[in-house]
Number of protein chains: 2
Amino acid sequence: MKRSATRIRTVMGEIQSRIASRTYTPGARIPSVRAMAQAMQVSVSTVLEAYERLMAEGVLNSRPGSGFYVAGPVAPLVLTELGPRLDREVDPLWISRQSLDTASDALKPGCGWLPASWMFEAGLRKALRTVARSDTSKLTEYASPLGHLPLRQFLSRKLTGIGVEAPLEQIMLTESGTHAIDLVCRFLLEPGDTVLVDDPCYFNFHALLKAHRVNIVGVPYTATGPDIDAFGAALLAHSPRLYITNSGIHNPTGATLSPVTAHRLLKLADNSSLVIVEDDIFGDFESAPAPRLSAFDGLSRVIQIGSFSKTISASIRCGYIAARSDWIESLVDLKIATTFGGGRLAADIIHLAITDSGYRKHMESVRLRLAEAMDRTVARLRAIGIKPWITPQSGMYVWCQLPQGKDAATLARACLNEGVVLAPGNAFSQSMAAGDFLRFNVAQSGDGKIYDVLKRALSA
Amino acid sequence: MKRSATRIRTVMGEIQSRIASRTYTPGARIPSVRAMAQAMQVSVSTVLEAYERLMAEGVLNSRPGSGFYVAGPVAPLVLTELGPRLDREVDPLWISRQSLDTASDALKPGCGWLPASWMFEAGLRKALRTVARSDTSKLTEYASPLGHLPLRQFLSRKLTGIGVEAPLEQIMLTESGTHAIDLVCRFLLEPGDTVLVDDPCYFNFHALLKAHRVNIVGVPYTATGPDIDAFGAALLAHSPRLYITNSGIHNPTGATLSPVTAHRLLKLADNSSLVIVEDDIFGDFESAPAPRLSAFDGLSRVIQIGSFSKTISASIRCGYIAARSDWIESLVDLKIATTFGGGRLAADIIHLAITDSGYRKHMESVRLRLAEAMDRTVARLRAIGIKPWITPQSGMYVWCQLPQGKDAATLARACLNEGVVLAPGNAFSQSMAAGDFLRFNVAQSGDGKIYDVLKRALSA
């Protein structure tokens, strides 16, 4: 009796999760009682009872002689109900919300950004004082469709500097870097398309792509870029529409794309319809500029996006897209339709800060500080048996492997209870193959308490 | 020979527009040559030639014995290629871009916002000077998942004031009002769903819904809200998922929802799965508060959204959503996945400005100025034969009918050549039934040149 009740609930749960994931949409006929019983290896009466309870709840309805149908409107897009249910510690949505919850005074070596005290504070305050005195129209009016001209001019020059020819009409501003990728996804993707990501990659790419209901395929990332054989095989096997990656400094590994990998990757893409989004968010942290896919490709199939949230401010939202000019035209229409005008003031503040004579000097000191913090953090981690996968040339991240047999999610849970927020590897890994990895942010790893807590948790 | 070439191009154009609108997706088999010939009333050889040319262009491919298929990846989402091609003058995308192009020094009686000089400039500058001195974390860190707490507290109190019970956990901040509606659409809609809008309504609703590829059904708007009989009929005929409307002051008509219409509308929705988005963007312009659907409904099926772009600044982007708390939970996840953190600084500035003791006084003077401008504009328009549909109780818009036989799009084209940007009625009308209407913004209609140009164009 009890077991049959469990089985009924299992069938009900299965139907409801298929509705939540929109596998079954309203009006669709669901499998017959007999077919479902066979598929789930339960009795016909179990399925019948499950269907009848779902009818009573208004989830299904029946048409005499023709079967059972999904009732009501399409289920809302609840990201947490899409795909397999994840442990909280490796759930991208949970990690993002945990990191963004600034009320918490926890230590955050797992967090993705610099401490507030490392940011370009003086320049920002100066920029704010300047805009407080600027024209009324700057303070009150919408941005132009492509966005604040002086910032686009700055970006055009900056891109030229790293070898990317991007005239003004090929650059548009967005509300943020994530918004830039989201617009490209809306422009190019249909639910069910396949998108390649690096494995591991920035965990919010998973959440973003989930919201677009595409198939995500991970390509193993090596110390010089994606594994080229695996990349070629994925191209053949999945005809992906898009590949999203970081160049410059890779999140979470801190690795750097090599010219030969960049060249081979683009050659592989030659006879495909693949579009590549290159997220250049960490460019200003590089000590020596790495190759850019967008430079090799000439912004033909590669779209470069970026933002200023890691260097100037995450509080002032502004990002950009550099792409083929016909694509920019359509992307501007999509941007206006879905967010209307951009944040003119934000772009103005960012432009003032980034062209401030102090900015270059500030970033030099940040790079120095990061290099020191990197050495120190790596030494302290090694001392407790946590080994860096590679020693990054620059940036704030170091991707580390735990001693054998240790699980990062378990460790993260234990450390969270002691006020230390970690970033466990599987949050970054589409294949869930990074269960013994952690990403450390060296700028957030200065406090000795972190290592005490880690050591205790490791020996537990 | 010539005529046959035209017919071939017509068939090619038809196929290409169906691919652009994603009616035909990659891999889909298109109608057989014979079926297409019959459907388009052309010869089999015409269709065959069209299909072969499309094969040569790589748009189609064929499988021996099995017909013609759509080749390549799914077409990018080009908004201008969706739906019927519109005259530039009534194309929502063109109108938005034209209005946003601030380089132009044209007169803009068709524009949707106040002149910069009417905005709360002193309060804004003060707020900027205050944030320039604030904590570094406010200047550099991401916002919390729901958004800046003090602004949400302010909104909660404000909503209570207009009868909408909205505790803090039912309010989240967004990047803008348009972003708020877009998030709700992503949460609730599938391509092919039906959405009701007012006819006429804010033109960007059309563009936004186009981006979601839903069916848009217009319900005629009366002086007291949507036509209730037509609304009931549309509910029955289309089972719409969403209805998007303005309460308070309606864009473009300036009309006000009456309590009896609000009550009847919600009663009609009772047995449906309809969700209602109430855009409250013009609330602060009301002299006496009109009923709100969200107040009557208690934020059950009604979602209220709003922003500060019409009163504080369009340059500093910030909006909000007030809704059921379980929906807010899912909407926060969607927001983080697609834009990551919100604009903390923008929310902070808006909060400082809107709680400034001068704001209330400023809005009082804006309302007075608008009332005076309304009287003056109506009188000047009447003098040249342009009649208001109703005299709005408040707000900046007046919806006007041209003298018999005059076409608003033609007039808009003529006036644009003389540096006057108008907003022709059909841009706002899903049914294209407002060809002899124009929306005037009384705050942008002070310059006598506007009436000279209108008069000349009308008598041409």
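Author: Two strands count as paired if DSSP finds at least two bridges between them. Keep that in mind as we look at this predicted model.

Reader: Okay, so which residue stands opposite Ile303(A) in E9(A)?

Author: E9(A) covers residues 302-307, and strand E8 of chain A covers residues 275-279. Four bridges join E8(A) to E9(A), and the two run parallel. One of those bridges has Ile276(A) as the partner of Val302(A). Opposite Ile303(A) you'll find Val277(A).

Reader: And which residue does Ile305(A) stand opposite in E10(A)?

Author: Here we turn to strand E10 of chain A, residues 319-322. It's joined to E9(A) by four bridges too, but this pair runs antiparallel. Across from Ile305(A) sits Ile321(A).

Reader: Which strands are the edge strands of that open sheet in chain A?

Author: Read the order of the eight strands: E3-E10-E9-E8-E7-E4-E5-E6, with mixed pairing. An edge strand here pairs on one side only. That leaves the two ends of the order, E3(A) and E6(A).

Reader: How many of the six residues of E9(A) are buried?

Author: Take the strand one face at a time. On one side, Val302(A), Gln304(A) and Gly306(A) are buried. On the other, Ile303(A), Ile305(A) and Ser307(A) are buried as well. With both faces covered, the count of buried residues is six.

Reader: Let's hop to chain B. Is Gln170(B) buried or exposed?

Author: Gln170(B) lies in the loop between helix H7 (149-161) and strand E3 (171-174) of chain B. Its touching residues, leaving out those up to four places away in sequence, include Leu299(B), Ile321(B) and Ile328(B). The cut-off for buried is under 20% relative accessible area. Gln170(B) has 14%, so the word is buried.

Reader: Which residue's backbone oxygen lies 2.9 Å from a polar atom of the Gln170(B) side chain?

Author: It's one of the residues that Gln170(B) touches, a list that also has Ala322(B), Arg324(B) and Ser325(B) in it. The oxygen that lies 2.9 Å from the side chain belongs to Ala323(B).

Reader: Why is H14(B) largely enclosed by the rest of the structure?

Author: Count its buried residues: among them are Arg344(B), Asp348(B) and His351(B), along with Leu345(B) and Ile349(B). H14(B) has eleven residues, so it is largely enclosed because the number of them that are buried is ten.

Reader: How do the two chains meet, and how many residues of chain B are in contact with chain A?

Author: About 6900 Å² is buried between them, with carbon and sulfur atoms giving 59% of that. Arg97(B), Leu100(B) and Tyr142(B) supply 11% of the area that chain B buries, more than any other three residues. Chain A brings 84 residues to the contact, and chain B brings 83.

Reader: Last one: which helix gives the largest share of the side of chain B that touches chain A?

Author: The interface has 34 residue pairs in polar contact. Several helices of chain B each supply at least two residues, including H4 (92-100), H8 (177-188) and H13 (325-339). The largest share is nine residues, and it comes from H13(B).

How values were computed
Residues are numbered from 1 along each chain as its sequence is written. Chains are lettered from A and ligands numbered from 1 in the order in which they are written. This is a predicted model: local features need pLDDT of at least 70, side-chain atom pairs count only at pLDDT 80 or more; totals for chains, interfaces and linings use all residues. Side-chain values use heavy atoms; hydrogens and water are left out. Contact means heavy atoms within 4.5 Å. Buried area is the accessible area (1.4 Å probe) that two parts lose on being put together, summed over both. A polar contact is a pair of N or O atoms within 3.5 Å; within protein, one must be able to donate a hydrogen and the other to accept it, and residues adjacent in sequence count only if both atoms are side-chain atoms. Buried means under 20% relative accessible area, exposed over 50%, partly exposed in between (1.4 Å probe, protein chains only).
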